[in-house]
Amino acid sequence: MQIRKAVSLWAKAVGLALALAAATPAADGPEAAPAITRVRLPGRFAANTVSGVVARARQRLEQPACQRIYTDFMDTNGRPLRDVLAEAETSGEAQLGTLIFYDGSEQPRCASRQTLAFTFVRSTVVWVCAAQFTSTALKDPRLVEAVVIHESLHALGLGENPPSSSEITGRVMSRCMG
């Protein structure tokens, strides 16, 4: 019975990921490429899960309440992230679409079961801890969406400590997951 339940959950997750990835509109220019083209994880399940989560995170970033995170945080030079986006003449959802998601399972930071993904300040690469990420996506899809947005903030220039990782994710959850 447990196997049937696991297979059913897996099938639902894959179906949802495929549907959301297919629903992601194509846009002009490489900076706004659909998120599915920027996910480079081995294995269909992990790749589809990440693609679906990125697509949903992009949709959340279209909401005015969620966009307030760009005034909540500053880059390492003290500029609001809203100004970083304006200078780049882009939006938060378009910037998220420029990130490339790679499998980070072999990276030392993925050794911690609490780490779902990570990146470095101003990097366009997000490393996904595939096992933790996909497992959490099945249990708490809003959390993994928040983690993807969290990592996009680092890509814009947000440092960490301060604010702490949990403070960043908490703020994203309160602004974007309502």
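## Strand pairing around E4

In this predicted model, Asp 103 stands opposite Val 128 of strand E4. The pairing belongs to the contact between E2 (100-103) and E4 (125-128), two strands that run parallel and are joined by four bridges. Val 128 also has Ala 117 opposite it. Ala 117 belongs to strand E3, residues 117-118, which runs antiparallel to E4 and is joined to E4 by two bridges. Phe 118 has Trp 127 as its bridge partner in E4.

The four strands make an open sheet in the order E1-E2-E4-E3, and its pairing is mixed. E1 (39-40) and E3 are the edge strands, each pairing on one side only. E3 and E4 form a hairpin with six residues between them. In that turn, Arg 122 has a positive phi of about 65 degrees.

## Aromatic pairs

Two aromatic pairs are found in a search of the whole structure. One of them consists of Tyr 102 and Trp 127, whose ring centres are 5.8 Å apart. The angle between their planes is 35 degrees, and the pair is classed as tilted. Tyr 102 has a relative accessible area of 30% and is partly exposed. Trp 127 is also partly exposed, at 23% relative accessibility.

Phe 118 and Phe 120 have ring centres 6.0 Å apart. Their planes stand at 85 degrees, so this pair is edge-to-face. How does the accessibility of Phe 118 compare with the burial cut-off? Its relative accessible area is 3%, and the residue counts as buried because the cut-off is under 20%. Phe 120, at 46% relative accessibility, is partly exposed.

## Nonpolar core

The largest nonpolar core contains 39 residues. Within this core, Leu 41, Phe 101, Ile 149 and Leu 153 have the most contacts. At least two core residues come from each of H2, H4 (69-72), H5 (81-87), E4, H7, H8 and H9 (165-176). Helix H8 supplies the largest share, eight residues. In soluble globular proteins, nonpolar side chains tend to be buried together.

Leaving aside residues up to four places away in sequence, Leu 153 touches Ile 69, Tyr 70, Phe 73, Leu 81, Leu 158, Ile 168 and Val 172. Phe 73, one of these contacts, also has the charged end of Arg 171 over its ring. The distance from that charged end to the ring centre is 5.9 Å.

## Helix H7 and its cover

Helix H7 spans residues 130-139. Its buried residues are Ala 130, Gln 132, Phe 133, Thr 134, Thr 136 and Ala 137. The elements covering them include helix H2 (44-61), strands E2 and E4, and helix H8 (141-156).

## Disulfides

The model has two disulfides. One joins Cys 66 to Cys 176, with an S to S distance of 2.0 Å. The torsion about this S-S bond is about 85 degrees, so the disulfide is right-handed. Cys 66 is in helix H3 (residues 64-67) and Cys 176 is in helix H9, so the link ties together parts that are 110 residues apart in sequence. Both Cys 66 and Cys 176 are buried.

The sulfur atoms of Cys 110 and Cys 129 also form a disulfide, at 2.0 Å. This link is left-handed, with -80 degrees about the S-S bond. Cys 110 lies in the loop between E2 and E3, and Cys 129 in the loop between E4 and H7, so the pair ties together parts that are 19 residues apart in sequence. Cys 110 is buried, with a relative accessible area of 7%. Cys 129 is buried as well, at 0% relative accessibility. With the bonded cysteines numbered in sequence order, the pairing is 1-4, 2-3.

Terms used:
Residues numbered from 1 in each chain as written. Predicted model: local features only at pLDDT ≥ 70, side-chain atom pairs only at ≥ 80, totals over all residues. Heavy atoms only, no water. Buried < 20%, exposed > 50% of the residue type's maximum accessible area, 1.4 Å probe, protein only. Contact = heavy atoms within 4.5 Å. Pairing = 2+ DSSP bridges. Phe/Tyr/Trp six-rings, centres within 6.5 Å; stacked < 30°, edge-to-face > 60°. Lys NZ or Arg CZ within 6 Å of the ring centre and 35° of its normal. Core = buried A, V, L, I, M, F, W, Y, C linked by side-chain atoms within 4.5 Å. Disulfide = S-S within 2.5 Å.
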